[in-house]
Amino acid sequence: MKIGITCYPTYGGSGVVATELGMALARRGHEVHFVSYEAPVRLHGYVENVYYHPVEVSGYPLFKYPPYCLALAGRMYEVAHESGLDMLHVHYAVPHALSAHLAREMPGGGSLKIVTTLHGTDVVLVGADSSYRSVTRYGLKVSDGVTAVSEYLKRRTREALQTDCEIEVIPNFVNTDEFAPRKDRAGRRRFADAGEKIIAHLSNFRPVKRVVDVIEVFARIRGRMPAKLLMVGDGPDRYKAERRARELGVYRDVFFLGGRQAVADLLAPADLFILPSEFESFGLANLEAMSCGVPVISTLGSGVEEAVVNGEQGRLCRVGDVEAMAAAAVEILTDGNLHEKMKKSARARALENFAQDKIVEKYEKFYEKTLEK
Ligand code: GMT
């Protein structure tokens with residue numbers, strides 16, 4: 001198949017999933033064309049059959065807001081024609097599904113199929129905003145196939161958009177070769193002395209991630225044992241987290257590492273991963289940590305529960321309950337048997353349920369079904 005993929009090319013989970021999916025599809029013999037305003041951050045190394053087409057958004061004094069949605073539609077249309085695409089697979093509904101629809105509606109765009117994958121904030125936050133709700137709902141209606149990364153997200157989409165459109169759940173996946181346990185101690189020595197625990201967090205530091213809770217939990221762990229915290233990623237709440245770390249007297253034990261490409265190198269040396277989000281449609285970062293054999297502390301009440309079984313690969317606590325999260329973390333870090341059991345279970349769950357090949361196959365089947373429509 002010839003597949004066009006559009007995503008937000010930044011560090012967010014939807015961009016990561018779209019990029020890893022595109023590269024995996026190309027390795028399986030498909031031709032993949034990424035269409036986005038920058039090359040996706042995880043698009044590294046040379047992969048045969050992968051092409052990247054930048055979208056240029058020209059400014060003009062009259063445009064207070066340059067119309068990215070239109071520039072994208074124009075570029076999708078060009079790429080679809082020049083490369084003979086069968087399908088456009090857009091990740092994150094807003095505005096990508098609408099741009100794809102426009103590209104198909106232009107003369108000659110007729111047979112192009114559109115698949116839209118919902119990732120979470122595109123529906124739960126952005127799509128539920130009154131100014132975007134009706135166009136998001138329309139974007140799903142005009143797609144030939146819609147997928148969501150969890151049952152939770154499927155349910156929330158139906159509620160938020162009041163839609164009964166068909167949605168297939170295809171969970172997120174992880175490259176279990178890249179995100180794998182590491183035996184060598186070199187990764188640990190960069191951050192911690194012998195006998196010190198390493199805790200990690202990875203996100204885009206948006207309010208929904210509750211990064212200040214990470215600091216709160218870490219400070220409580222630090223009160224009980226020598227430990228270091230790796231804060232991987234960047235975003236609007238970084239300074240709030242830094243300030244809280246100073247106030248709690250743990251700033252010297254926290255590494256604010258910023259946005260990184262080699263995420264696996266930073267997750268694999270950790271003893272524990274913390275993602276205390278308000279909600280997650282899935283929580284890809286939890287899965288990446290689990291695949292490295294790292295147990296997680298995360299939250300109840302959202303798609304996280306479809307990736308992490310509470311008590312098996314870590315502990316899930318109520319949102320904001322930093323005392324419970326810290327108590328669970330201390331228990332896991334001080335009980336060697338429990339820690340070992342959770343590490344094994346984390347890796348096994350990633351391999352059995354969320355390995356890249358198994359999930360990419362589901363996308364291939366979904367494409368075939370969509371093309372037959
Ligand atoms: O987490 C974010 O804020 C980024 C966002 C995105 O769209 O890039 O992530 C969403 O998609 C990921 C990949 O499917 C999911 O693993 C995340 O759970 C989801 N984020 C939220 O639902 C908050």
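Guide: On a 1 Å grid over the protein atoms alone, a cavity is a set of points where a 1.4 Å probe fits but cannot get out, and lining residues have an atom within 4 Å of a point. This is a predicted model: local features need pLDDT of at least 70, side-chain atom pairs count only at pLDDT 80 or more, and totals for chains, interfaces and linings use all residues. Residues are numbered from 1 along each chain as its sequence is written, and side-chain values use heavy atoms, with hydrogens and water left out.

Visitor: Which residues line the largest cavity?

Guide: Val16, Val17, Glu20, Arg42, Phe173, Val174, Asn175, Phe179, Leu284, Glu288 and Gln356.

Visitor: OK, the ligand. Which residues come nearest?

Guide: Ser14, His119, Asn204, Lys209 and Glu280, of 18 residues around the ligand (a heavy atom within 4 Å).

Visitor: What polar contacts are there, as N or O pairs within 3.5 Å?

Guide: Among them, a polar side-chain atom of Glu280 sits 2.5 Å from a ligand oxygen. For Asn204, a side-chain N or O atom is 2.8 Å from an oxygen atom of the ligand. Ser14 uses a backbone N or O atom, also at 2.8 Å from a ligand oxygen.

Visitor: How much of the ligand does the protein bury?

Guide: 96% of the 490 Å² that the ligand exposes when taken alone (Shrake-Rupley, 1.4 Å probe).

Visitor: And why does the ligand lie between domain 1 and domain 2?

Guide: Because domain 1 (2–172 + 356–371) and domain 2 (186–353) both give residues to its shell. The bounds come from an automatic or database domain assignment.

Note on methods: Polar contact = N/O pair within 3.5 Å; in protein donor to acceptor, adjacent residues only side chain to side chain. 1 Å grid on protein atoms, 1.4 Å probe; cavity = no way out; pocket = protein on both sides within 12 Å on 5 of 7 lines; lining within 4 Å.
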